[in-house]
Amino acid sequence: MAYTFGAFRRILGASSPASSILPLSLHARLNSTLITPKLFISGLSRLTTDEKLKEAFAPFGNLVEAKVIVDRACGRSKGFGFVTYDTLEEAEKALEKMNATFLDGWVIFVDPAKQKEYKPPQPEEKPSKTGYTTNRTIGWCG
């Protein structure tokens, strides 16, 4: 019966004695959605540079890297970037303070960065008996 009462208490949102004993920094870390100190920044202006991104996120902690992703062909910003901090606490503070704020006249959104997914290499396509390869392009490629 005690187990059921404890589960019922958690459902209702009553605080447990253990949660009031934890230090605030540890409590924030346990409730954090961050698993890495790297943040994904979306909604960037085409005029935003690495330096401007670094200036905007520097007040929240020691930055390891601030990178705006650019198009290889024209060198313009693709509208998103990444910021990496030394600790999770600094990244959490930046996420809370900078999410849905203005940078270079655009509203930016800050989210935890996801790990890169491993994609196995695709096998090379062998030519058919006639010597032609298939075209897998679908739609307009202009």
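Which residues form a nonpolar patch on the surface? The close-ups below start there.

This is a predicted model, so to speak of local features pLDDT must be at least 70, side-chain atom pairs count only at pLDDT 80 or more, and totals for chains, interfaces and linings use all residues. Residues are numbered from 1 along each chain as its sequence is written, and side-chain values use heavy atoms, with hydrogens and water left out.**View 1. The nonpolar surface patch.** Phe102, Val107 and Phe109 make up the patch, with about 300 Å² of accessible area together. Patches take residues with over 30% relative accessible area and no salt bridge, joining like charges within 9 Å and nonpolar side chains (Val, Leu, Ile, Met, Phe, Trp, Tyr) within 5 Å. Areas come from the Shrake-Rupley method with a 1.4 Å probe, and for residues only the protein chains shown count as cover. Phenylalanine 102 lies in strand 4 and is exposed, at 63% relative accessible area (buried is under 20%, exposed over 50%, partly exposed in between).

View 1. Five strands form an open sheet in the order 2-3-1-5-4, with antiparallel pairing. Strand 2 (63-70) and strand 4 (101-103) sit at the edges with a single partner strand each, so one side of each has no neighbour in the sheet. From one strand to the next, the twist averages 35 degrees. Strands (E, at least two residues) and helices (H or I, at least four) are DSSP runs numbered from the N terminus, and two strands pair if DSSP finds at least two bridges between them.

**View 2. Strand 3 and its partners.** Strand 2 and strand 3 (residues 77-85) pair antiparallel over six bridges, and valine 70 has serine 77 as its bridge partner. Their hairpin has six residues between the strands, and glycine 75 takes a positive phi near 80 degrees there. Strand 1 joins strand 3 through five bridges, also antiparallel, with isoleucine 41 opposite glycine 81.

**View 3. A helix across the sheet.** Helix 5 (residues 88-98) lies across strand 1, strand 3, strand 4 and strand 5, at about 145 degrees to strand 5. Contact means heavy atoms within 4.5 Å; axes are lines fitted to C-alpha atoms, for helices over the stretch in contact, and angles run from 0 to 180 degrees between N-to-C directions.

**View 4. Two salt bridges.** The count comes to two, taking a side-chain nitrogen of Lys or Arg within 4 Å of a carboxyl oxygen of Asp or Glu. Aspartate 50 pairs with lysine 67, the closest N and O atoms being 4.0 Å apart; aspartate 50 is in helix 4 and lysine 67 in strand 2, 17 residues apart. Lysine 52 and aspartate 104 meet at 3.9 Å, N to O. Lysine 52 lies in helix 4 and aspartate 104 in the loop between strand 4 and strand 5, so this pair ties together parts 52 residues apart in sequence.

Technical notes
Buried < 20%, exposed > 50% of the residue type's maximum accessible area, 1.4 Å probe, protein only.
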